[in-house]
Amino acid sequence: MPELPEMENYRIQLSKHILDLPITEVVVNREKSINKDTETFRSELIRRQVIFVERRGKYLLFHLDNGRRLMLHLMLGGLMYLGSREDRPDRTTQIEIGFGQDLVLYFIGLRLGHLHLHSAKEVEEILSHLGPEPLDRRMNETRFNTIFGKRRGSLKTALLNQDVIAGIGNCYADEIAFVAGLKPSAKLQDLNEEDLSRLYHAMREVLISATEAGGYMEMPFMSGDTLTGGSNDLCRVYDREGETCPRCGDVIIKGEMNGRKVFYSPGCQHDR
């Protein structure tokens with residue numbers, strides 16, 4: 001599932017290419033991916049312009065020139081491709097939005113994901129449960145320690161809880177735990193101030209590095225894009241079962257927590 005780095009990479013690239021261009025075409029191939037009937041959805045978008053692209057957690061918000069918002073959540077397996085009609089990807093698309101003369105944003109893999117049209121107030125209400133952004137300038141070490149220092153339960157469960165902190169998913173939770181030298185199963189109530197400090201700095205390091213490298217998406221965002229997916233090789237434990245830990249040389253283990261895969265190095269990750 002795309003997480004903060006992947007969605008932030010999409011936000012940055014979309015902001016360079018689609019802003020202020022008129023929406024000239026809307027194709028809906030899967031009506032379950034939208035929240036209105038196809039004709040209403042299409043008519044509300046045609047001739048509108050995207051004036052700003054915002055990311056909130058794992059969501060992208062396309063701000064339209066009439067004040068409404070397109071709210072995207074890619075969920076598991078979702079991705080986007082921006083190109084011409086001739087450059088159309090050889091994939092099944094659920095939604096296609098054309099901009100200007102010959103630029104199309106293709107939404108792919110929206111089996112669980114969705115693209116919904118809402119008012120600004122509706123979006124605010126829908127996303128009101130989300131916790132703070134981990135890389136927001138207001139998320140300093142003191143605030144982080146306050147949030148995590150008063151919680152109980154496992155480290156990974158807290159990192160994945162979008163009500164606690166927004167944008168972190170399975171992959172980066174394991175990578176953050178690794179950089180911090182903590183097991184994903186470590187109990188928050190057992191961590192001291194030094195442990196929390198390591199965790200805070202690990203979170204920033206992992207998310208910033210992954211964002212700068214373009215996240216781990218499986219295909220480029222557009223023709224000539226050499227950035228998207230660049231962090232695939234940066235993962236040190238996630239999906240590395242049986243490989244050698246780059247820090248201690250132990251064998252990376254794959255386990256399960258609450259029905260989710262978990263990867264860690266038993267030689268250098270500890271309960272605290």
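Start by selecting methionine 75, which sits in the loop between β4 and β5 (strands are DSSP E runs of at least two residues, numbered from the N terminus). This is a predicted model, where local features need pLDDT of at least 70, side-chain atom pairs count only at pLDDT 80 or more, and totals for chains, interfaces and linings use all residues. Residues are numbered from 1 along each chain as its sequence is written, and side-chain values use heavy atoms, leaving out hydrogens and water.

Check the backbone of methionine 75: phi is near 55 degrees, a positive value in a non-glycine residue. Most residues other than glycine have a negative phi. Methionine 75 is partly exposed, with a relative accessible area of 25% (buried is under 20%, exposed over 50%, partly exposed in between, with a 1.4 Å probe and protein chains only).

Now pick leucine 72 and show what touches it. Contacts (heavy atoms within 4.5 Å) include Met7, Tyr59, Phe62, Met80, Phe107 and Leu115, leaving out residues up to four places away in sequence.

Of its 38 residues, Phe62 and Leu72 touch the most other members. Strand β7, residues 103-108, gives the most to this core, with 5 residues. Then jump to a second, separate core of 37 residues, with Leu159, Ala173, Leu182 and Leu196 among them.

Last stop: asparagine 258, in the loop between β9 (253-257) and β10 (260-264). Its phi is near 50 degrees, again positive in a residue other than glycine, and asparagine 258 is exposed, at 67% relative accessible area.

Terms used. Core = buried A, V, L, I, M, F, W, Y, C linked by side-chain atoms within 4.5 Å. Helix = DSSP H or I, 4+ residues; strand = E, 2+ residues; numbered from the N terminus.
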